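Hi everyone, thanks for coming.

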Amino acid sequence: MPSTQILSTTQQEQYQAIDTPFLYVNKPVFINNLNQLRQKIEGLGANLRPHFKTLRSLEAAEFLLPTKNSPVTVSTVKEAEALASKGYTDIIYAVGIADGKLPRIAKMLSQGINARVLLDSVEQAHQLNHFCGSHHCQIPALIEIDCDGHRGGISPEADKLLEIAQLLTSGAASFHGVLTHAGESYQCFEKQQLIDAAQNEVAAAVKAAERIRAASMQCDIVSIGSTPTAQSYQNLDGITEVRAGVYTFFDLVMAGLNVCQLTDIAAMVVTSVIGHNPDKNWIFIDAGWMALSGDRGTAEQPKDCGYGLVCDDSGHVLSGLQVITVNQEHGIIQAVDGSVIDLAQFPVGSRLHILPNHACATASMHAQYHVFDTDPHSDNDGYEIWNRVQGW
């Protein structure tokens, strides 16, 4: 967990010079998160296709993706364009495609970028074929599979699956495979539940691919993934790749699912104390929803963490303290265990760290990440600024 106690003197000065609120990234924790999942997935015989949606930083991509040809997933065309501008060539845009975005995809293809799109309807398949025919291009597509009724996608048993695959195979576009996301895993609070969700995700994707192949069509990519299931796979036979994103930073939602520990959370918001209300036992901070986000992802979990757990400026969790309310630029900290806060321990101007509920949402509130390398063997000066790719 980020700790200013182990920052060098120079890093301490850099840390203190940054105006609050800001997003603090502990680089060694971040790197460890990347390495652990890659080793697990590759050890099970599949490729890791990390999701860029959490980080959205080209500086971070240098650590996330080993080579320019490494597979990556994005949630916006803007992310894909940013990665393409730096020479990354293997991209899946894993949100259902709208025909208005197809010109941007086609432009990347013309630049030598293998940018694939996602769809789950006959209408989208017809639109894609029409665009490709009219513009003399061949955009590769994946069919989204619904493995758990969570959101979009087609049942692996649906007749429509083969209809769409046939349209793409015989039309002007190109059919590359199937993709699914186990959204139900975010409601699994026991280890066996997560294992079952992971196995179900694998089974659904493999079944869809087998049906397509049995109908004499090629299905090269069988793509699955979510951070909870990625930590829980036992067998990946028949799967070509796994996608996950929030594992890079982790957050309180993931800790609540027991797929990480609080010490695995690599990003947190640094905030300043700006006042107190002794009558209400409150501490005011300069981090509201514009810094923390309004995400309440832990509200339905066994442990509700409010708008974030509170740590001291050394990164140690302060038991019982949570951000209970956020306004645009104000946050309110209270002791949810009923204890009386010794406000003298939190003077105006002192700094606190807030662990985020949802790393993707919190990171999205910041244009830059302040990255501190606490590894004493690091070759650099131990402090970097990573810029975030904004927009859609």
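Let me begin with the lining of the largest pocket: its residues divide into 11 nonpolar, 15 polar and eight charged. Please keep in mind that what you see is a predicted model. The space in this pocket comes to about 750 Å³, and 34 residues line the pocket. If you want to find its centre on the screen, look for Lys53, His150, Arg151, His181 and Tyr186, which lie nearest to it.

Which elements give two or more residues to that lining? They are β4 and α10, the latter spanning 252–256. Of these, β4 gives the most, with three residues.

Now, β4 also takes us to the sheet. This is an open sheet of eight strands with parallel pairing, and the order runs β2-β9-β8-β7-β6-β5-β4-β3. At the edges sit β2 (47–48) and β3 (72–74), each pairing on one side only. Strand β4, residues 90–96, pairs with β5, residues 114–119, in the parallel sense over four bridges. To pick out one of the partners, Gly96 is bridged to Leu118 in β5.

Last stop, the helices. How do α6 and α7 pack against each other? Helix α6 (residues 122–135) and helix α7 (residues 159–170) have their axes 9 Å apart, at an angle of about 0°. Angles under 35 degrees count as roughly parallel, so α6 and α7 are roughly parallel to each other. On the α6 side, the residues in contact are Val122, Ala125, His126, Leu128 and Asn129, and they meet Lys160, Glu163, Ile164, Leu167 and Leu168 in α7. By type, that contact has six nonpolar, two polar and two charged residues.

Methods:
Residues are numbered from 1 along each chain as its sequence is written. This is a predicted model: local features need pLDDT of at least 70, side-chain atom pairs count only at pLDDT 80 or more; totals for chains, interfaces and linings use all residues. Side-chain values use heavy atoms; hydrogens and water are left out. Two strands pair if DSSP finds at least two bridges between them. Axes are lines fitted to C-alpha atoms, for helices over the stretch in contact, and angles run from 0 to 180 degrees between N-to-C directions. Angles under 35 degrees count as roughly parallel, over 145 as roughly antiparallel, 65 to 115 as roughly perpendicular and the rest as oblique. Contact means heavy atoms within 4.5 Å. Ala, Val, Leu, Ile, Met, Phe, Trp, Tyr, Cys and Pro count as nonpolar, Asp, Glu, Lys and Arg as charged, and the others, Gly among them, as polar. On a 1 Å grid over the protein atoms alone, a cavity is a set of points where a 1.4 Å probe fits but cannot get out, and a pocket is an open set with protein on both sides within 12 Å along at least five of seven lines; lining residues have an atom within 4 Å of a point. Grid points are joined across faces, edges and corners, and a volume is the space filled by probe spheres set on the points.
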